[in-house]
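Notebook open, model loaded. I'm jotting down what I looked up, one entry at a time.

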Amino acid sequence: MKQHIYLASPHMSEEGYEQEYIKEAFDTNWIAPLGRNVTEFENEITAKLSAQKAVALSSGTAAIHMALKAAGVRQGDVVFCQSLTFSASANPIAYEKAVPVFIDSETDTWNMDPQALKRAFETYEKRGIKPKAVIVVHLYGICAKIREIREICDEYTVALIEDAAESLGTTCHGQSTGTFGDYGIISFNGNKIITSSGGGMLLVNTSDAQEKAAQVLSWATQAREPAPWYQHTQIGYNYRMSNVVAGIGRGQLRVLERRVEQKRAIFAYYKKHLGNLPGVSFMPMPEGTYCNCWLSVMQLDEECPLTPLDIMRALEEDDVESRPVWKPMHLQPVFADCDFVSLMPHLHIRDEQMGADSSISGQLFAHGICLPSDSKMTDEDLQRICEVVQGLWKRA
Ligand SMILES: Cc1ncc(COP(=O)(O)O)c(C=O)c1O
């Protein structure tokens, strides 16, 4: 019987490192949202990525929420956010009752277009509005034009939050994603390149990183004041990572490089075996960057007789999971009232079924398909997937 193939699923270390750390947590009875694994996981991430400070939290979404609060985002503030992303990048803006303004992508990196970001700054400046923060994403592990975006944010003295949820292991000129922004976030959700079963990390890279990290830690642990009784002057959250979960994360971190190599090999396999099909291209690998290839993503051009949904359905029939490129936030009904800044003139709906428009992010969504990228896949699995996809072209 054929095995089900996942898009991306947990892949524990072959050595069983995770269980050693969990055992230590059990042996010492630190079954709590604090303990040696939590502290060491933060230290290990800080050292590996050369970040200033790291705070382990219950999810990547919680980390974005804390980054927004640390950046001073309050009710009514404007936040510029990449449109092509998963909803978790934008939802925390709504938690704070701030106002998201979505920014289009560019074709070089599929991520936030620095020129569109500039346009957004200029447009809002004319209205007398300065955003409180910018959220850029390194989608699928592809590095955004982070140095240009950093420069623009510096020019306008606005905090930059880097959503590196999907890009742990990706670098730009040797520097890790998540360390260019004032704040960076990582996700250890079950589908990520390494997982702690669920969890996240906030990286703080500001000049006052120590104080900011301490403030976040306080918010994340119910904002308890240092008094013998429970005393609170601020609203708190229960966002801290558990010591058991951190143990899994520590074990996984030891095999990060191995997983990046495996993901990159999957991408190379697809490129070699599917890259010559008419109308097919693959996600960009921008110069000077090293991509973790968290997901391998294929694009079909306008003339291609097949759609991403055709490929998804054919794979589904073979018990293989795949998914369209994430639907941009400006096309999501929940954010329908939000402003969207794009350099594409005359935006119009081009795909009624999926609700894709003519923006760059809209077109990446309409024509993109995320192929199975599970690091546990064998060469036989990859061959099986490629045969299904190639078969579609033969019949088209
Ligand atoms: C781009 C992006 N941002 C944020 C998140 C949120 O991370 P988490 O699931 O750990 O809350 C995810 C993943 O789920 C993501 O893919």
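Predicted model: local features only at pLDDT ≥ 70, side-chain atom pairs only at ≥ 80, totals over all residues.

**Strand β17**

I began with strand β12 (residues 296-300), which pairs with β17 in the antiparallel sense over four bridges. For the record, two strands pair if DSSP finds at least two bridges between them. Helices (H or I, at least four residues) and strands (E, at least two) are DSSP runs, numbered from the N terminus. Opposite Gly-368 in β17 I found Gln-299. Strand β13 (residues 323-324) also pairs with β17, antiparallel over two bridges, and there Arg-323 has Cys-370 as its bridge partner.

Then I looked at the two faces of β17 (residues 368-371): Gly-368 and Cys-370 sit on one side, Ile-369 and Leu-371 on the other, and all are buried. My cut-offs: a residue is buried if 20 or more other C-beta atoms lie within 10 Å of its own, exposed if 12 or fewer, and partly exposed in between, with C-beta atoms placed from the backbone.

**Ground rules**

Residues are numbered from 1 along each chain as its sequence is written.

**The eight-stranded sheet**

In what order do the strands of the open sheet run? I read β1-β9-β8-β5-β4-β2-β3-β14, eight strands with mixed pairing. The edges are β1 (53-57) and β14 (339-341), each pairing on one side only. Direction ignored, neighbouring strands here are turned by 20 degrees against each other on average. Axes are lines fitted to C-alpha atoms, for helices over the stretch in contact, and angles run from 0 to 180 degrees between N-to-C directions.

For a parallel pair I picked strand β4 (residues 133-137) and strand β5 (residues 159-163), joined over five bridges. Val-134 has Leu-160 in β5 as its bridge partner.

Next, β9. Is it enclosed or open? Five of its five residues are buried, so β9 is largely enclosed by the rest of the structure. Gly-200, Leu-202 and Val-204 take one face, Met-201 and Leu-203 the other. With β1, β9 pairs antiparallel over five bridges, and Ala-54 stands opposite Leu-203. Five bridges also join β8 to β9, again antiparallel, with Tyr-183 opposite Val-204.

I also checked what lies over the sheet. Helix α3 (residues 60-70) lies across β1, β2 (78-82), β4, β5, β8 (183-187) and β9, running at about 170 degrees to β8. Contact here means C-beta atoms, placed from the backbone, within 7 Å.

**Helices α2 and α8**

The axes of α2 (residues 36-49) and α8 (residues 243-253) come within 8 Å and cross at roughly 35 degrees. The crossing is left-handed, meaning the near helix is turned anticlockwise from the far one by less than a right angle (clockwise would be right-handed). From α2, the residues involved are Asn-37, Val-38, Glu-40, Phe-41, Glu-44 and Lys-48; they meet Asn-243, Ala-246, Gly-247, Gly-249, Arg-250 and Leu-253 in α8. I count this contact as four nonpolar, four polar and four charged. The classes: Ala, Val, Leu, Ile, Met, Phe, Trp, Tyr, Cys and Pro are nonpolar, Asp, Glu, Lys and Arg charged, and the others, Gly among them, polar.

How much of α8 is buried? I get 11 of its 11 residues. They pack against α1 (17-27), α2, β1 and α9 (256-274).

**Domains**

The automatic or database assignment gives domain 1 (17-253) and domain 2 (256-395). Their C-alpha centres lie 26 Å apart. Across the boundary, 39 residues of domain 1 touch 33 of domain 2. On the domain 1 side, β3 (99-103), α5 (114-126) and β6 (171-172) are the elements giving two or more residues, and α5 gives the most, with five. By class, that side has 19 nonpolar, 14 polar and six charged residues.

**Positive phi**

Most residues other than glycine have a negative phi. Ser-50 has a positive one of about 55 degrees, in the loop between α2 and β1. Cys-293 has phi near 50 degrees, in the loop between β11 (289-290) and β12. Which is buried and which exposed? Ser-50 counts as exposed, with 12 C-beta neighbours inside 10 Å, whereas Cys-293 has 28 and counts as buried.

Key: Contact = placed C-beta atoms within 7 Å.
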